[in-house]
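Please look over the sequence and the model before reading on. The paragraphs below go through the sheets, the helices and a few residues in loops.

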Amino acid sequence: MEENAQARQATGTGEGVDSQQGGDVLDMAVIGAGPAGLTAGLYAARAGLDVAVFERITPGGQLGQTEHMENYPGFPEGTNGYELAFAMKQQADRFGMRTVGEEVTAVDFTQDPKLLFTAFGEQRARSVVIATGARPRRLGLELEEELQGRGVSYCATCDGNFFRGQDVMVVGGGNTAAGDAIYLSRICRKVYLVHRRDKLRATAVYHKRLEDLPNLEFVWDATPRKLVAEDGALAGVRVEMLKTGELRDIPCAGLFVAVGTQPNTEFLDGALELDETGYIVAGESGETAVPGVYAAGDVRTKGLRQVVTAVADGAVCAEEAAEFLAI
């Protein structure tokens, strides 16, 4: 479909799908309302398809938790992630995409139409785009779960303000960790950036900014080994210096973990092929081994997981699904 083609208004009412009763058969069901899912919904709705996006929380996914984005095209000064996600949803809503505030907990792709199950019922769809994204990876340390919300966090922009004026630690070496450290340096007394190597994996533009921060200390070649708690809250982190084996105790009130992500694919329960790390096996077209089922965004096997690639995935999957439905 051409970008400037006359849009055909989707037939949906915008009032949601009656999944309690199974509803009508959708042309397309999109699971997940991050950038990939919202773009798939937009393109499908503009093509005149009856499309609904299933998302149990607010739209945007990880994008909605990003304070400032500098690498999304069209914003010379950068943009706020939540505002961008909200604008994406508004745009898709305008063309008739419907939103269902329910989490898809299971699927049955052996049926035709495909079946999606939520806590409130089931929904049938002729095609499905899975855009459930990924979630932050845990460190796997003792007390990590118990201290989540009591000093341990996986979202600096969500929780950073709770530690204003205090000492905090960021663990990781990629763009997320670098961005978290910069953000926290503006509101916290001191920021420790702990990375298992002697240089960051983050894009070069971050390096100079981090080096210029007066309240940031790099802790190179190190990894957390133990969380120290006092009165039910985080009081510090014991890190191992990997080159020497030395253990160093670093007092801090907050620990922000940014060591990668893991895909949200547990609900599939064998319905699709996954790679060894749990991502859906799908190429650039988004097609999976099941006809009419597509994977878009961070949830699929791919080399670069960014908002811009998720948006591209969503558009491609909607196109592929439209062609599938036309056969």
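Strand 9 and strand 10 (residues 190-194) pair in the parallel sense over five bridges; two strands count as paired if DSSP finds at least two bridges between them. Helices (H or I, at least four residues) and strands (E, at least two) are DSSP runs, numbered from the N terminus. This is a predicted model, in which local features need pLDDT of at least 70, side-chain atom pairs count only at pLDDT 80 or more, and totals for chains, interfaces and linings use all residues. Residues are numbered from 1 along each chain as its sequence is written, and side-chain values use heavy atoms, with hydrogens and water left out.

Strands of a sheet pair through backbone hydrogen bonds, either parallel or antiparallel.

These pairings belong to an open sheet of five strands with the order 8-15-9-10-11 and parallel pairing. Its edge strands are strand 8 and strand 11, each of which pairs on one side only.

How many residues of strand 9 are buried? Five of the five residues in strand 9 (residues 167-171) are buried, where buried means under 20% relative accessible area, exposed over 50%, and partly exposed in between (1.4 Å probe, protein chains only). In a regular strand the side chains alternate between the two faces of the sheet. In strand 9 both faces are covered: Asp167, Met169 and Val171 are buried on one side, and Val168 and Val170 are buried on the other.

Helix 4 comes next. Strand 9, helix 4 (residues 175-185) and strand 10 make a right-handed β-α-β unit. Right-handed here means that, with the strands pointing away from the viewer, the path from the first strand over the helix to the second runs clockwise. Helix 4 lies across strand 9, strand 10, strand 11 and strand 15, and runs at about 170° to strand 9. Such angles run from 0 to 180 degrees between N-to-C directions, and the axes are lines fitted to C-alpha atoms, for helices over the stretch in contact.

Helix 4 also meets helix 5 (residues 204-211): their axes come within 10 Å and cross at roughly 30°. The two helices are therefore roughly parallel to each other; angles under 35 degrees count as roughly parallel, over 145 as roughly antiparallel, 65 to 115 as roughly perpendicular and the rest as oblique. Helix 4 passes helix 5 in a left-handed crossing. A crossing is left-handed if the near helix is turned anticlockwise from the far one by less than a right angle, and right-handed if clockwise. Asn175, Ala178, Gly179, Ala181 and Ile182 of helix 4 meet Tyr206, Arg209 and Leu210 of helix 5, contact being heavy atoms within 4.5 Å.

The loop between helix 5 and strand 11 holds Asn215. Asn215 is buried, with a relative accessible area of 16%. Leaving aside neighbours within four places in sequence, Asn215 is in contact with Ser185, Cys188, Arg189, Lys190 and Val191.

The contact is made by Pro35, Leu38, Gly41 and Leu42 of helix 1 and by Ala85, Met88, Lys89, Gln91 and Ala92 of helix 2. The crossing of helix 1 and helix 2 is left-handed.

Another open sheet has three strands in the order 12-13-14, with antiparallel pairing. Strand 12 and strand 14 (247-251) are its edge strands, each pairing on one side only. Neighbouring strands of this sheet are turned by 25° against each other on average, direction ignored. Strand 13 (residues 233-241) and strand 14 pair over five bridges in the antiparallel sense, and the bridge partner of Glu240 in strand 14 is Leu247.

Some backbone details remain. Most residues other than glycine have a negative phi, and most peptide bonds are trans. Asp221, in the loop between strand 11 (216-219) and strand 12 (222-230), has a positive phi of about 50° although it is not a glycine. Asp221 is buried, with a relative accessible area of 15%. Leu143 has a positive phi of about 80° and is partly exposed, with a relative accessible area of 30%. A cis peptide bond joins Asp112 and Pro113, with omega about 5°.
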